[in-house]
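Please look over the sequence and the structure shown here. A short report comes after them.

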Amino acid sequence: MAKIKSLDDLRVMKESFQSKINLREKGENPGSHVQIKVAMATCGIASGAKTVMEFMMEELEKRGIESVVTQTGCMGYCYAEPTIEVKLPGQEPVVFGYVDTKKADEIIEKYIKNGELVEGIIPMNYETIDN
Amino acid sequence: MHLLVCGGTGCRASASDSIIEKFKTEIAAKGLENDVQVILTGCFGFCEKGPIVKVLPDNTFYTQVKPEDVAEIVAEHVIKGRKVNRLLYIDPTNQEKISDAKHMGFYRKQIRIALRNCGVINPENVDEYIARDGYHAIGKVLKEYTPAQTIDIIKKSGLRGRGGGGFPTGLKWEIASKNAADQKYVVCNADEGDPGAFMDRSVLEGDPHSVLEAMAICGYCIGATQGVIYIRAEYPLAITRLKIAIKQAREYGLLGKDIMGSGFDFDITLRYGAGAFVCGEETSLIHSMEGLRGEPTNKPPFPAESGYLGKPTNVNNVETFASVPVIILKGADWFSSIGTEKSKGTKVFALAGKINNVGLIEVPMGTTLREVIFEIGGGIKNGKKFKAAQTGGPSGGCLTEKHLDTPIDFDNLIAAGSMMGSGGMIVMDEDDCMVSIAKFFLEFTVEESCGKCAPCRIGNKRLYEILERITNGEGTMEELERLRNLSLVIKDTSLCGLGQTSPNPVLSTMDNFYNEYLAHVNDKKCPAGQCKSLMKYVVEPEACVGCTACARNCPVNAISGERKKPHLIDTAICIKCGACIEKCKFNAISIK
Ligand SMILES: Cc1cc2nc3c(=O)[nH]c(=O)nc-3n(C[C@H](O)[C@H](O)[C@H](O)COP(=O)(O)O)c2cc1C
Ligand code: SF4
Ligand code: SF4
Ligand code: FES
């Protein structure tokens, strides 16, 4: 991996990572993906987040849906674990709680394929500072 | 169109179920099933104004919706696209109605600063951290500021340590920077020993790089090239993610020699703790790192003078560090604009106990306990009554109904007889016995006392024994007196913070719930019905139909009686397991 040799180097890198993310998120280009983040902190994993993550990866692939599934840290809704965030291209992210494989299947079929929301949405109740 | 109806416990209690039903029938009646979907959601963190209905895609946020309002929402908003004004949220600051939830960010009681990347980035990918300005703070500091200028920013921001004591972080760094030595150390305290606390674990699992970056900034400020994270071995996931993060940071040259061409070297290693509570105390922590017994020593000397391997050492908590990079990037003024006069910024709390939304929250200092419990926390489980909230874990005290509207900050909590601690918040309801709660924490302290000094080793044991006698109904008024006096002596004479604070749960429950102590001592009763020794199971002869269900289920055959005749419990045999109460369909058995 190339070393980052100066603050300017770092800024250039940030720009490139960010534009990659933006492209993916804005959904303006044809390769735009559904993005899924699974909360994989201790609380999430203890309630089965790993299974959900694997299920999501396999099923989205099987069902031919262009998507990126990644892990992330605790979203704070420990009472509703496992939680996942789904972001359809060009739309606000939506968080779902109490996700088991059955719910995950419903989310794929209804929300991801047709944009129909399903029960179990956890409204975002905090503001995250952006930098 | 989507209608999101809050199905959180708070809103459910105020009729959101029937609101959903109404919406469904109303929408079916208008033949709109295919265009409008009604969805039940989790808590919006806004329960005081519930039930909440949110309309998508236009983001309209209706509060205090009643079943009677449903027809109007459908007729006006859904069909004609006109918002129902009277149900819109009113901005408390200027009385204006807010129609678009996107513009009511302020309604969100939480601001995530230390948790800014948790749940946003993939913690195992440094690129995602960089994409959110990661390592820009250390880059900026190295390029633009001297150590003294950087310390000045931290001082001006008003950041105080999140590990419990609330010592001003900038000042701590300044002291360490002024002590000359050939080597100094930056230590991150990730021991997190409070029962019920998981704030630091979550930060490390969700955003490890922010801690690494802040440690490097601290190293630059105080003149250290080596950082150590002391983390309990019980946190395997956090350890794994830290290891990955350190490796990736080294590969990019963000840790190691000559960071970003500045000539500054800094690297970080991990040390594992065995999970003793006292090892979270900084002097014990340092001894443990040195391979010695995890026992505290007197301060002074403070770690800033003579710490790890006898060198000046700066110890900070995980959450303290996690707040540092943002302060550098957004400025001291930005940070100090959040919070109260003497406590700036935000605090992460781990909500646990009898609260609906158990979880991790981050609120500005100065948020009230009421907002935390009844709005963000979704209120008390099962509609029970709030009794108390313990902050500061085994070193803290309880906050009660009369503290609900006190703004939470370092100084107010101390004034209320508790303390901030690291951020565990255990919520108790009417069914919790406060004497038992004090006993629970004392049991923890007795277990965790390192035994080095007599007041803590012996005194806490005596406190525990007195509490045990009280909960067994064997306590006397003299013992209550002794409980208080001994507590004060332990506080005054213990060597380290563990012993100096361990009687706090006793003193604070005695201050706030003295009647409960009296009931145990004088009336031999536990008002909350928790102390088994003080409970007596009895059959109410009038209500008992003699179905024999209880007798058949009693594991020790304590219940006698003929069919169709009132039964009787022999209290000498009864082990108070509660099986009979559950089995009786006629509510004929009660606890006296
Ligand atoms: C018994 C005891 C346990 C402690 N446990 C912790 C802990 O788990 N984590 C922590 O950061 N600080 C803990 N502290 C506080 C540390 O001694 C120290 O003050 C703190 O790490 C300093 O960091 P800060 O200034 O960033 O808060 C504990 C103190 C005592 C007396
Ligand atoms: S107060 Fe307790 S934990 Fe602290 S040194 Fe004394 S015995 Fe050990
Ligand atoms: S409480 Fe348990 S032991 Fe006592 S009478 Fe009922 S079933 Fe028997
Ligand atoms: S806002 Fe509906 S339950 Fe909290």
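This is a predicted model: local features need pLDDT of at least 70, side-chain atom pairs count only at pLDDT 80 or more; totals for chains, interfaces and linings use all residues.

## Cysteines

How many disulfides does the structure hold? Over all chains, the count is zero. C43(A) is in no disulfide. The nearest cysteine sulfur belongs to C78(A) and is 3.9 Å away. A disulfide needs the two sulfur atoms within 2.5 Å. C43(A) is buried, and its relative accessible area is 16%.

Which cysteine sulfur is closest to that of C531(B)? The closest one sits in C526(B), at 3.7 Å. That is too far for a bond. C531(B) is buried too, with a relative accessible area of 4%.

## A sheet in chain B

Four strands of chain B form an open sheet. Their order is β2-β1-β3-β4, and the pairing is mixed. Strands β2 (37–41) and β4 (60–62) of chain B stand at the edges. Each has a single partner strand, so one side of each is left without a neighbour in the sheet. From one strand to the next, the twist averages 20°.

Strand β3 of chain B spans residues 53–56. β3(B) pairs with β4(B) in the antiparallel sense, over three bridges. V53(B) has Y62(B), in β4(B), as its bridge partner.

## A helix across the sheet

Helix α2 of chain B covers residues 16–29. Helix α2(B) lies across β1 (2–6), β2 and β3 of chain B. The helix runs at about 160° to β1(B).

Definitions and conventions: Residues are numbered from 1 along each chain as its sequence is written. Chains are lettered from A and ligands numbered from 1 in the order in which they are written. Side-chain values use heavy atoms; hydrogens and water are left out. Buried means under 20% relative accessible area, exposed over 50%, partly exposed in between (1.4 Å probe, protein chains only). Two strands pair if DSSP finds at least two bridges between them. Helices (H or I, at least four residues) and strands (E, at least two) are DSSP runs, numbered from the N terminus. Axes are lines fitted to C-alpha atoms, for helices over the stretch in contact, and angles run from 0 to 180 degrees between N-to-C directions. Contact means heavy atoms within 4.5 Å.
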